[in-house]
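This report describes the folds of individual chains in a multi-chain assembly and the contacts between them. The sequence and the structure are shown first.

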Amino acid sequence: MLVDQLLKELITKMGDDELIIGHRNSEWTGLGPVMEEDIAFSSMAQDKIGHAWALYRILHEELGGENPDQFAFMRSEKDFKCCHLTEMPIGSYDFSLMRHFLFDHAEAVRYNSLLQSSFTPLQLLARKVRGELKYHTLHADAWIIQLCKAGEESYLKMQEALNNCFQLACGIFEPGPNDAMLAAENIYPGEEVLYEQWIEHISPVLTKAALDLPERKQPVFGGRSGKHTKHLQPLLNEMGEVFRLNPEAIW
Amino acid sequence: MYGGGYIFDEPNRVQQREEQLHDDPEKLAAFEMRIANGEKIEPGDWMPAEYRRQLIRLIEQHAHSEIIGALPEGTWITRAPGFKRKLALIAKVQDEIGHGQLLYNAAETLGKSREAMINDLLSGKSKYSNVFNYPAETWADVTVIGFLIDAAAIVNQVANAKGSYGPYCRALDRICYEESFHLKQGHDAFIELATGTPDQKAMLQDALNRWWQPIMHFFGPPDKASSHSEKLMQWKVKMASNDDMRNQFLDAYVPKIQELGLTLPDPLLKKNEETGRWEYSDPDWDLFFEVIKGNGPCNKERLDVRKWAEEHGRWIRKALMKPGTFERQALPVA
Amino acid sequence: MNDSLDPRVNRLTLNKTDDPFKVEEGENWNVFEVFHQEKRGAHHEHVGCVHAPDAGLALVFAKEQYGRRKKCVNLWVVRSADILAFNQEDEDMFANNLEKTYRDASGFKVMEKINKFKAKAK
C-alpha cells in the first residue's frame, strides 16, 4: 500500500535521527563538564535511543519492517536517512549543547504535530514522549540562556556554535517528495510547516539569550536520500562492531 | 561500584599524638558510646580528628572509584550490541557518575570541597580502586565487570552501609539499590555469552581468565592485625576484614560461575568445608602495589581522560560562577 | 589519535603531559538540597544534594539525579546555606518530650474510668 510506504519513509528518517543523535550524545557519558550535567545529558541520550527503538518497533510491528536490532545495527549507510546534523562528531560541549537545543525543539515540534496524526501508533508514541521532550527542551533552554548571560567568552562560544549548527539544523526539515500526500492523509503536516513552527519555538529563547539567528542560506540536505557526511560510516562500523560478530546470536 | 578493600592512612605518630591531646576525652567517650549504641554520627557532630580524616579518605576514594570506574565500561558504550544492551550500558555508566556525585556530597559534609577532592584525584595524591586500571578488551569484559566486579562492590558496600557516618550510609543505601540493577543486568549479559555460541563462550572464558587476578585483588591485601585497624573497627569506619569480604564473595559467586560450565584460572581454588574458608593461590600482591603506585596498564589513560573532562568543562563551570551577570551590548545601529 | 581501546577516547585530544591541572575552588558552584515528592499529597522528603550555579539549574539537575528512577511527581531545591539546624549538643532540648504525656492520647485513660464507673453502677 502506498500510504504504508510513505509511513515507512517518515518513521525511518525520524528513527534514524533519534538513533544517531542519541548515539553521539551518549559519547559524553562519563566525560561531561560537571557530574550533574553528565547525568542529565546521558539520560536524554538514552531517551533519544529509546525513541528510535520505539519507532523501529512501529516499523516492525505495524508495517512489516525488520526486527529493530537488525534494522539499527545491520543496515548499510545508504539506507540510513538521518540528517547531517546528527552525524557530526560531538566536538566540544558548546557544539553538542547547541545541537541538542536545535534538534530537541525540532523533535518537540514534530511530536507535537503527531498528537493529531491519523496514524494511531505515532499518535500514541507522541503522547508517551511528550513529558520527556518537555524536559529536554527545558534543559536546553536553561543552558543556552545561562551560558549567554554568564560572560562574553561563553556568549561568543554559543553564538559561534549557533552559526556552525544552523544550516545543518535546517537539514532536519529537508522536504520530502511525498510530504503533501502525508499531509493529505493527516499523518503529519510536512516539513515546511514544521520548520516554521520550529523557528517560532526557538526564536524567543534566542532573543532571551541575545543570540542572532543566522540567515537560512544553504540548508544542508542530502541525509533523507541516503547521502551522508564522512562521519556516518565510521559511526555505523563502530556501533555494529560487536553485533556484527554474529548477527544471529543473542547478545 | 567500588573495591580495593580498606586501605587506610597509617597516621603519622607525632600528628596522631597531637590530635589525641586535642580530642577532649569526655567528648570522645560520648562519641564512642553513641557508636557502640548503634547511633549514626551526623555532619555537625563532634568527632575525633582521626575519624574525620579516615572517613574523608575512605569516601573520597570510593567517589573517585565511581567516576574512574565509568571509563573501562564506557569503552564499550558506542559498541554495545542491540538496543537493550546499549541502553542498559549507558544507564549503568551514568549510574556510576551518579554514585560519584552522591559520594562526593557525603565526603563534602566532612569539610573537604569537591574541587579539592577532584584535584587530589588528578594529581595522583588520592587513590581509586585498582581494578579500574585494567583494560576492557572485548565485549565480554563488560559482562565480567558488570557481573563480578559489581557483585564484589556490593559485598563491600553493603558492609559499609552499616557504618557509623550518617551521610555515607544514606548514600550507600541508594547506591546499593542501583547496584542491584547493575548486578542483574551484568549477570544477564554474562549468562547470555556463557550459554551462547562457542565463540561467545570462548570470549567470555578469555575475559574471565584475564579478570580473575584483579578480582582477587579487589578486596585488598590480606588482613594483618594492627591496633590502628581495631580503632577503625570500633568506630565503625572499617566494617569487615578484607579476607572476610573476599571469602563472602567467593562463597556467593564461584558457584554461579561454575554452574555455567566456565572455569577459573586457579588450580588451588577450592572451599575448605571444615573451616568454611576458601583456599586459593596467592594473587601477586607485588603487582597489586605496583598498580597502586601508578604502574598498571591503564593508570595513565584513566587520569588523562579525567583531566580532559575537567579541562574541557572548565569554561562552562567558570562562566557559571557568576550566572546572569552578562548583558550583550546593543549592536550599533547604522 | 590516542592509543586507547575506547574509540571515544581516541577521538579526544588528550593532554599527555604531566602538567598539573587544578580545579579552582567554587568551580563546582553552590550546593542545593533536594527534596523529593513521591506522590501528590505526600511530604517532600530530603534525598540529597546537587551542585549548581543557581536554583533553576539545580532543579534541572535534580530531576535526573534524583528523579530518574522510581516514582516522582515533584522536587524542591533550596540552597544548603539557607538551612538552619540545631547542634547535636542541643538534642537535650527534646529529651523530655516523651514524659509530657499530657500532650499525648496515651496520657488519658478514658476506658479505665468508664469501666470503673460501670463496675460501680452494677
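## Chain A: composition and shape

In chain A, 55% of the 251 residues count as buried. The model is a predicted one, and the values below are computed from it.

The secondary structure of chain A consists of ten helices and zero strands. Read along the sequence, the elements accordingly follow the pattern α-α-α-α-α-α-α-α-α-α. The radius of gyration of chain A is 18 Å, close to the 18 Å that the globule rule gives for 251 residues, so chain A is as compact as a globular protein of that length. Taken along the principal axes, the C-alpha atoms of chain A fill a box of roughly 55 × 45 × 30 Å. Among the contacts in chain A with a separation of 6 or more, 75% involve residues 24 or more positions apart.

## Chain C: composition and shape

Chain C contains three helices and three strands. From the N terminus on, these elements run α-β-β-α-β-α. The radius of gyration of chain C is 28 Å, well over the 14 Å that the globule rule gives for 122 residues, so chain C is more spread out than a compact globule. Its C-alpha trace spans about 100 × 35 × 30 Å along the principal axes. Buried residues make up 22% of the 122 residues in chain C. Of the contacts in chain C between residues at least 6 apart in sequence, 40% join residues at least 24 apart.

The following table sets out the values for the two chains.

| Chain A | 55% of 251 residues | 18 Å | roughly 55 × 45 × 30 Å |

Strands of a sheet pair through backbone hydrogen bonds, either parallel or antiparallel. In chain C, three strands form an open sheet in the order β2-β1-β3, and the pairing is antiparallel. The edge strands of chain C are β2 (44-52) and β3 (74-79), each of which pairs on one side only. From one strand to the next, the twist averages 30 degrees.

Strand β1 (residues 30-37) of chain C is joined to β2(C) by eight bridges, and the two run antiparallel. Within this pairing, Glu33(C) has Cys49(C) in β2(C) as its bridge partner, and His36(C) stands opposite Glu45(C) in β2(C). The hairpin of β1(C) and β2(C) has six residues between the strands, and in this hairpin Gly41(C) takes a positive phi near 90 degrees.

Helix α3 (residues 110-121) of chain C has twelve residues and reaches 17 Å from its first C-alpha to its last, close to the 16 Å expected at 1.5 Å a residue. The number of buried residues among the twelve of α3(C) is zero, so this helix lies largely in the open.

The contact between chains A and B takes 45 residues from chain A and 41 residues from chain B. On the side of chain B that touches chain A, the elements that give two or more residues are α3 (49-74), α4 (83-108), α8 (198-217) and α12 of chain B. Helix α4(B) gives the most, with twelve residues. By class, this side of chain B divides into 19 nonpolar, 14 polar and eight charged residues.

The contact between chains A and C takes 14 residues from chain A and 16 residues from chain C. In chain C, α1 (7-10), β2 and α2 (55-67) each supply at least two residues of the side that touches chain A. The largest share, seven residues, comes from α2(C). This side of chain C has seven nonpolar, four polar and five charged residues.

## Helix packing in chain B

Two packed helices are described by the angle between their axes and the distance between the axes. Helix α5 (residues 114-122) and helix α12 (residues 299-319) of chain B pack at an angle of about 145 degrees, with their axes 10 Å apart. Ile118(B), Leu121(B) and Leu122(B) in α5(B) meet Leu303(B), Arg306(B), Lys307(B) and Glu310(B) in α12(B). The residues of this contact comprise four nonpolar, no polar and three charged.

Note on methods:
Residues numbered from 1 in each chain as written. Chains lettered and ligands numbered in written order. Predicted model: local features only at pLDDT ≥ 70, side-chain atom pairs only at ≥ 80, totals over all residues. Axes fitted to C-alpha atoms, helices over the stretch in contact; angles between N-to-C directions. Helix = DSSP H or I, 4+ residues; strand = E, 2+ residues; numbered from the N terminus. Contact = placed C-beta atoms within 7 Å. Nonpolar A, V, L, I, M, F, W, Y, C, P; charged D, E, K, R; others polar. Rg over C-alpha atoms; globule rule 2.2 N^0.38 Å. Buried ≥ 20, exposed ≤ 12 C-beta atoms within 10 Å, placed from the backbone. Pairing = 2+ DSSP bridges. Expected span 1.5 Å × (residues − 1).
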